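Please look through the structure below before reading my comments.

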Amino acid sequence: MLHIVACIKQVPDTKVIKMNPKTNTMDRSSAPAILNPYDAHAVEEAVRLKQRYGGTVSVLTMGPPPAVKAIRKCIEIGADEGYMITDRAFAGADTLATSYALTKALEKIAKQKPIDLIICGKMTIDGDTGQVGPGIARRLDIPPLTNVKKVVEVNKEKGYAIVHRKLEDGYEVVQSTLPCLFSVEKEINEVPYSPLPNMLRAARYQPVIWSVNDLEDVDRSLLGLKGSPTIVAKVWPPEKPKGGEKLQGSPREQVNRLMEILAEKKDLFRAKEGRA
(Lines give C-alpha, C1' and ligand atoms only; values in the text may rest on other atoms or scores of the structure.)
Protein backbone atom coordinates (compact mmCIF):
# COMPACT_ATOMS: atom_id res chain seq x y z
CA MET A 1 0.00 0.00 0.00
CA LEU A 2 1.53 3.25 -1.16
CA HIS A 3 1.50 6.53 0.71
CA ILE A 4 1.77 9.30 -1.88
CA VAL A 5 2.01 12.97 -0.98
CA ALA A 6 1.24 15.62 -3.59
CA CYS A 7 2.66 19.08 -2.89
CA ILE A 8 0.31 21.74 -4.22
CA LYS A 9 -0.15 25.51 -4.28
CA GLN A 10 -3.02 27.95 -4.60
CA VAL A 11 -2.17 30.56 -7.26
CA PRO A 12 -3.87 33.53 -8.93
CA ASP A 13 -5.46 32.73 -12.28
CA THR A 14 -2.90 34.28 -14.62
CA LYS A 15 -5.39 34.33 -17.48
CA VAL A 16 -7.19 37.27 -15.88
CA ILE A 17 -4.57 38.82 -13.61
CA LYS A 18 -3.72 42.49 -14.05
CA MET A 19 -0.69 44.64 -13.34
CA ASN A 20 -0.77 47.57 -10.94
CA PRO A 21 0.45 50.53 -13.05
CA LYS A 22 1.61 52.46 -9.96
CA THR A 23 3.66 49.72 -8.28
CA ASN A 24 4.50 47.63 -11.37
CA THR A 25 3.56 44.49 -9.45
CA MET A 26 0.92 41.82 -10.00
CA ASP A 27 -2.46 42.75 -8.59
CA ARG A 28 -3.33 39.39 -7.06
CA SER A 29 -6.70 40.69 -5.87
CA SER A 30 -7.76 41.13 -9.51
CA ALA A 31 -7.77 37.40 -10.20
CA PRO A 32 -9.53 34.45 -8.52
CA ALA A 33 -7.36 31.99 -6.62
CA ILE A 34 -7.19 28.51 -8.16
CA LEU A 35 -5.36 25.25 -7.69
CA ASN A 36 -2.16 25.44 -9.72
CA PRO A 37 -2.99 23.56 -12.96
CA TYR A 38 0.21 21.49 -12.96
CA ASP A 39 -0.54 20.44 -9.37
CA ALA A 40 -4.02 19.27 -10.38
CA HIS A 41 -2.36 16.81 -12.75
CA ALA A 42 0.01 15.75 -9.94
CA VAL A 43 -2.93 14.98 -7.65
CA GLU A 44 -4.78 13.18 -10.44
CA GLU A 45 -1.74 11.00 -11.11
CA ALA A 46 -1.41 10.24 -7.39
CA VAL A 47 -5.07 9.17 -7.29
CA ARG A 48 -4.59 6.94 -10.34
CA LEU A 49 -1.58 5.28 -8.72
CA LYS A 50 -3.63 4.73 -5.56
CA GLN A 51 -6.35 3.06 -7.62
CA ARG A 52 -3.74 0.96 -9.42
CA TYR A 53 -1.70 -0.18 -6.43
CA GLY A 54 -3.77 0.67 -3.36
CA GLY A 55 -2.83 3.14 -0.67
CA THR A 56 -3.44 6.70 0.47
CA VAL A 57 -3.03 10.10 -1.18
CA SER A 58 -2.21 13.10 0.99
CA VAL A 59 -1.81 16.67 -0.20
CA LEU A 60 0.35 19.36 1.36
CA THR A 61 0.38 23.10 0.79
CA MET A 62 1.92 26.20 2.31
CA GLY A 63 -0.05 29.42 2.18
CA PRO A 64 -2.48 31.79 3.86
CA PRO A 65 -5.69 30.40 5.43
CA PRO A 66 -7.76 30.79 2.20
CA ALA A 67 -5.48 28.19 0.57
CA VAL A 68 -7.67 25.59 2.24
CA LYS A 69 -9.84 25.90 -0.89
CA ALA A 70 -7.04 24.39 -2.96
CA ILE A 71 -6.90 21.41 -0.60
CA ARG A 72 -10.65 20.90 -0.93
CA LYS A 73 -10.24 20.91 -4.71
CA CYS A 74 -7.73 18.09 -4.30
CA ILE A 75 -10.22 16.18 -2.15
CA GLU A 76 -12.68 16.57 -5.04
CA ILE A 77 -10.12 15.02 -7.39
CA GLY A 78 -9.77 12.05 -5.03
CA ALA A 79 -7.14 12.78 -2.38
CA ASP A 80 -7.73 11.25 1.05
CA GLU A 81 -6.04 13.70 3.41
CA GLY A 82 -4.92 17.31 3.38
CA TYR A 83 -2.27 19.21 5.31
CA MET A 84 -1.57 22.94 5.32
CA ILE A 85 1.21 24.92 6.96
CA THR A 86 0.29 28.54 7.48
CA ASP A 87 2.11 31.16 9.53
CA ARG A 88 3.36 34.70 9.09
CA ALA A 89 6.85 33.25 9.46
CA PHE A 90 6.45 31.66 6.01
CA ALA A 91 5.46 34.92 4.28
CA GLY A 92 7.61 36.18 1.43
CA ALA A 93 9.35 32.84 0.90
CA ASP A 94 11.21 32.23 -2.35
CA THR A 95 11.64 28.72 -3.76
CA LEU A 96 14.53 27.92 -1.41
CA ALA A 97 12.63 28.89 1.73
CA THR A 98 9.44 27.25 0.42
CA SER A 99 11.18 23.92 -0.18
CA TYR A 100 12.63 24.08 3.34
CA ALA A 101 9.25 24.70 4.99
CA LEU A 102 7.53 21.98 2.96
CA THR A 103 10.34 19.55 3.77
CA LYS A 104 9.80 20.10 7.49
CA ALA A 105 6.09 19.42 7.05
CA LEU A 106 6.83 16.29 5.00
CA GLU A 107 9.13 15.02 7.75
CA LYS A 108 6.31 15.44 10.28
CA ILE A 109 3.85 13.62 7.99
CA ALA A 110 6.37 10.82 7.41
CA LYS A 111 6.68 10.23 11.16
CA GLN A 112 2.95 9.57 11.27
CA LYS A 113 2.94 7.50 8.09
CA PRO A 114 6.05 6.77 5.99
CA ILE A 115 6.00 8.37 2.54
CA ASP A 116 6.79 6.25 -0.52
CA LEU A 117 6.40 8.86 -3.25
CA ILE A 118 6.11 12.65 -3.52
CA ILE A 119 4.51 14.18 -6.60
CA CYS A 120 4.66 17.85 -7.58
CA GLY A 121 3.53 19.77 -10.60
CA LYS A 122 6.29 20.71 -13.02
CA MET A 123 6.01 24.35 -11.92
CA THR A 124 3.53 26.96 -10.71
CA ILE A 125 1.96 29.38 -13.15
CA ASP A 126 2.75 32.38 -10.93
CA GLY A 127 6.45 31.57 -10.62
CA ASP A 128 7.42 29.30 -13.54
CA THR A 129 10.67 28.25 -11.84
CA GLY A 130 10.21 24.50 -11.41
CA GLN A 131 12.58 24.64 -8.41
CA VAL A 132 10.48 23.68 -5.40
CA GLY A 133 10.09 19.98 -6.26
CA PRO A 134 13.82 19.33 -6.84
CA GLY A 135 14.56 21.48 -3.79
CA ILE A 136 12.42 19.21 -1.62
CA ALA A 137 14.10 16.11 -3.04
CA ARG A 138 17.55 17.56 -2.37
CA ARG A 139 16.68 18.34 1.25
CA LEU A 140 15.18 14.88 1.79
CA ASP A 141 18.10 13.25 -0.05
CA ILE A 142 15.83 11.32 -2.42
CA PRO A 143 16.02 11.08 -6.23
CA PRO A 144 14.13 13.79 -8.17
CA LEU A 145 12.58 12.70 -11.48
CA THR A 146 11.60 15.84 -13.37
CA ASN A 147 9.43 16.39 -16.46
CA VAL A 148 7.62 13.08 -15.94
CA LYS A 149 5.10 12.44 -18.74
CA LYS A 150 4.21 8.82 -17.90
CA VAL A 151 4.49 6.55 -14.89
CA VAL A 152 5.21 3.02 -16.10
CA GLU A 153 5.44 1.26 -12.75
CA VAL A 154 5.76 1.88 -9.02
CA ASN A 155 6.85 -1.25 -7.18
CA LYS A 156 6.93 -0.73 -3.43
CA GLU A 157 7.91 -4.32 -2.61
CA LYS A 158 11.04 -4.16 -4.77
CA GLY A 159 11.56 -0.47 -4.07
CA TYR A 160 11.67 1.12 -7.50
CA ALA A 161 9.71 3.29 -9.93
CA ILE A 162 9.96 3.52 -13.72
CA VAL A 163 8.88 6.64 -15.60
CA HIS A 164 9.15 8.37 -18.96
CA ARG A 165 10.86 11.77 -18.76
CA LYS A 166 10.04 14.30 -21.43
CA LEU A 167 12.93 15.57 -23.56
CA GLU A 168 13.01 18.15 -26.34
CA ASP A 169 13.31 15.45 -29.00
CA GLY A 170 11.47 12.54 -27.35
CA TYR A 171 11.60 10.88 -23.94
CA GLU A 172 13.87 8.74 -21.82
CA VAL A 173 12.98 5.76 -19.64
CA VAL A 174 14.33 6.15 -16.10
CA GLN A 175 14.28 3.76 -13.15
CA SER A 176 14.68 5.13 -9.63
CA THR A 177 14.73 3.76 -6.12
CA LEU A 178 11.89 4.55 -3.71
CA PRO A 179 11.17 6.87 -2.05
CA CYS A 180 11.57 9.46 -4.77
CA LEU A 181 9.95 12.62 -6.10
CA PHE A 182 8.20 13.19 -9.43
CA SER A 183 7.53 16.58 -10.96
CA VAL A 184 4.99 15.99 -13.70
CA GLU A 185 3.99 17.49 -17.03
CA LYS A 186 0.39 18.37 -17.85
CA GLU A 187 0.31 15.73 -20.55
CA ILE A 188 0.68 12.93 -18.00
CA ASN A 189 -3.12 12.71 -17.69
CA GLU A 190 -6.46 14.44 -18.08
CA VAL A 191 -8.18 15.70 -14.94
CA PRO A 192 -11.84 14.63 -15.24
CA TYR A 193 -14.88 16.22 -13.64
CA SER A 194 -15.12 15.28 -9.98
CA PRO A 195 -17.79 12.74 -8.97
CA LEU A 196 -20.58 14.00 -6.72
CA PRO A 197 -19.51 12.01 -3.60
CA ASN A 198 -16.05 13.60 -3.78
CA MET A 199 -17.56 17.06 -4.12
CA LEU A 200 -19.79 16.52 -1.10
CA ARG A 201 -16.87 15.26 0.98
CA ALA A 202 -14.71 18.19 -0.13
CA ALA A 203 -17.35 20.73 0.88
CA ARG A 204 -17.20 19.49 4.48
CA TYR A 205 -13.52 18.62 4.62
CA GLN A 206 -11.25 20.26 7.19
CA PRO A 207 -7.52 19.70 6.61
CA VAL A 208 -4.85 19.36 9.26
CA ILE A 209 -3.41 22.85 9.80
CA TRP A 210 0.02 23.44 11.33
CA SER A 211 1.82 26.62 12.31
CA VAL A 212 5.58 26.93 12.43
CA ASN A 213 5.44 25.95 16.12
CA ASP A 214 3.94 22.57 15.19
CA LEU A 215 6.95 21.62 13.06
CA GLU A 216 10.09 20.08 14.54
CA ASP A 217 13.73 21.21 14.41
CA VAL A 218 12.96 24.32 12.39
CA ASP A 219 15.65 26.91 11.76
CA ARG A 220 13.56 30.09 11.54
CA SER A 221 16.36 31.93 9.76
CA LEU A 222 15.65 29.71 6.73
CA LEU A 223 11.96 30.65 6.54
CA GLY A 224 10.12 33.47 4.80
CA LEU A 225 11.96 36.61 3.72
CA LYS A 226 14.88 35.89 6.06
CA GLY A 227 15.52 32.57 4.37
CA SER A 228 15.04 33.87 0.83
CA PRO A 229 18.25 34.85 -0.99
CA THR A 230 16.28 35.89 -4.08
CA ILE A 231 13.89 38.83 -4.16
CA VAL A 232 11.63 39.97 -6.99
CA ALA A 233 12.40 43.69 -6.99
CA LYS A 234 10.10 44.67 -9.83
CA VAL A 235 7.59 43.13 -12.23
CA TRP A 236 6.27 44.84 -15.32
CA PRO A 237 4.28 43.86 -18.41
CA PRO A 238 6.25 43.54 -21.67
CA GLU A 239 5.98 46.37 -24.14
CA LYS A 240 3.40 45.89 -26.81
CA PRO A 241 5.04 45.14 -30.16
CA LYS A 242 4.98 48.00 -32.61
CA GLY A 243 3.13 47.52 -35.85
CA GLY A 244 5.15 46.79 -38.95
CA GLU A 245 5.45 49.05 -41.96
CA LYS A 246 3.09 48.30 -44.80
CA LEU A 247 4.89 48.62 -48.12
CA GLN A 248 3.09 50.70 -50.74
CA GLY A 249 3.47 51.32 -54.43
CA SER A 250 4.38 49.15 -57.40
CA PRO A 251 6.23 45.84 -56.94
CA ARG A 252 9.52 47.53 -57.89
CA GLU A 253 8.91 50.35 -55.39
CA GLN A 254 8.09 47.85 -52.66
CA VAL A 255 11.27 45.87 -53.37
CA ASN A 256 13.36 49.04 -53.28
CA ARG A 257 11.82 50.04 -49.96
CA LEU A 258 12.44 46.56 -48.55
CA MET A 259 16.11 46.77 -49.55
CA GLU A 260 16.35 50.13 -47.77
CA ILE A 261 14.88 48.61 -44.60
CA LEU A 262 17.31 45.67 -44.71
CA ALA A 263 20.22 48.06 -45.20
CA GLU A 264 19.12 50.02 -42.13
CA LYS A 265 18.98 46.81 -40.07
CA LYS A 266 22.30 45.32 -41.23
CA ASP A 267 24.10 46.30 -38.00
CA LEU A 268 21.45 44.47 -35.99
CA PHE A 269 21.95 41.31 -38.07
CA ARG A 270 25.72 41.50 -37.61
CA ALA A 271 25.29 41.80 -33.85
CA LYS A 272 23.14 38.68 -33.77
CA GLU A 273 25.69 36.76 -35.85
CA GLY A 274 28.40 37.81 -33.41
CA ARG A 275 26.43 36.32 -30.50
CA ALA A 276 25.65 33.06 -32.28
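The numbered points below take up local features of this predicted model.

1. Start with the peptide bond from Leu 178 to Pro 179. This bond is cis, and its omega is near -5 degrees. Pro 179 lies in the loop between strand 11 (170-177) and strand 12 (180-184).

2. Next, look at Asp 128. Its phi is positive, near 60 degrees, and the residue is not a glycine. Asp 128 sits in the loop between strand 8 (117-121) and helix 4 (132-140).

3. Although Asn 147 is not a glycine, its phi is positive, at about 55 degrees. Which element holds Asn 147? Asn 147 belongs to strand 9, which covers residues 144-155. The relative accessible area of Asn 147 is 21%, so this residue is partly exposed; buried would require a value under 20%.

4. The last point is about the surface. Which residues make the nonpolar surface patch of about 350 Å²? The patch is formed by Val 255, Leu 258, Met 259 and Leu 262. Val 255 has a relative accessible area of 46%, so it is classed as partly exposed.

Technical notes
Residues numbered from 1 in each chain as written. Predicted model: local features only at pLDDT ≥ 70, side-chain atom pairs only at ≥ 80, totals over all residues. Heavy atoms only, no water. Helix = DSSP H or I, 4+ residues; strand = E, 2+ residues; numbered from the N terminus. Buried < 20%, exposed > 50% of the residue type's maximum accessible area, 1.4 Å probe, protein only. Patch = residues over 30% accessible without salt bridge, like charges linked within 9 Å, V, L, I, M, F, W, Y side chains within 5 Å. Areas by Shrake-Rupley, 256 points an atom, 1.4 Å probe, with all protein chains shown as cover. Salt bridge = Lys/Arg side-chain N within 4 Å of Asp/Glu carboxyl O.
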